[in-house]
Amino acid sequence: MGCCGKHPWILSEAPDKPIDGVVLSRLKQFRAMNKLKKLALKDELEIAMKEHGMGDEACAKEIISEVDKDNDERINYEEFCAMMRSGNLQS
């Protein structure tokens with residue numbers, strides 16, 4: 001087990017004291033940035049499809065829903081690879 005596996009929180013030895021406000025604030029900011037990145041990726045896909053004459057927003061949403069096997073509304077690396085191996089954007 002690596003050093004992360006020996007961390008007290010992984011070993012169920014986490015302290016009972018509440019998380020500091022600064023840490024909580026930074027975690028919330030991190031979560032917000034991740035949401036923003038997800039939206040940006042969708043927008044990038046829609047823009048690229050429009051620029052290359054491959055469809056509009058509805059078409060992009062359809063592709064995401066067909067390729068997105070875990071239904072998280074985005075295409076992860078494994079889903080992207082599967083789509084590329086199939087040779088078909090419509091998966």
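Predicted model: local features only at pLDDT ≥ 70, side-chain atom pairs only at ≥ 80, totals over all residues.
Across the chain the mean pLDDT is 75, with 76% of the residues reaching 70 or more. Among the elements of the chain, helix α3 has the highest mean pLDDT, at 82, while helix α1, spanning residues 21-51, has the lowest, at 77.

Which residues of α2 are buried? Within this helix, which runs over residues 57-67, the buried positions are A60, I63, I64 and V67. These four lie on the same side of α2, because together they cover an arc of only 100 degrees around the axis. An α-helix has 3.6 residues a turn, so residues three or four places apart point the same way. The other side of α2 presents a contrast: A58 and K61 are exposed there.

The next stop is E79, which sits in helix α3, a stretch covering residues 77-86. Is E79 buried or exposed? With a relative accessible area of 6%, E79 counts as buried, because this value is under the 20% cut-off. What does E79 touch, once residues up to four places away in sequence are set aside? The neighbours of E79 are then V67, D68, K69, D70 and R74.

Two backbone nitrogens are found beside the side chain of E79. The side chain of E79 reaches the backbone nitrogen of K69 at 2.9 Å, and a polar atom of this side chain lies 3.1 Å from the backbone nitrogen of D70. Finally, E66 gives another reference point for E79: the two residues are 13 positions apart in sequence, and their C-alpha atoms are separated by 10.0 Å in space.

How values were computed: Residues numbered from 1 in each chain as written. Heavy atoms only, no water. Helix = DSSP H or I, 4+ residues; strand = E, 2+ residues; numbered from the N terminus. Buried < 20%, exposed > 50% of the residue type's maximum accessible area, 1.4 Å probe, protein only. Contact = heavy atoms within 4.5 Å. Polar contact = N/O pair within 3.5 Å; in protein donor to acceptor, adjacent residues only side chain to side chain. Arc of directions from axis to C-beta. pLDDT = per-residue confidence, 0-100.
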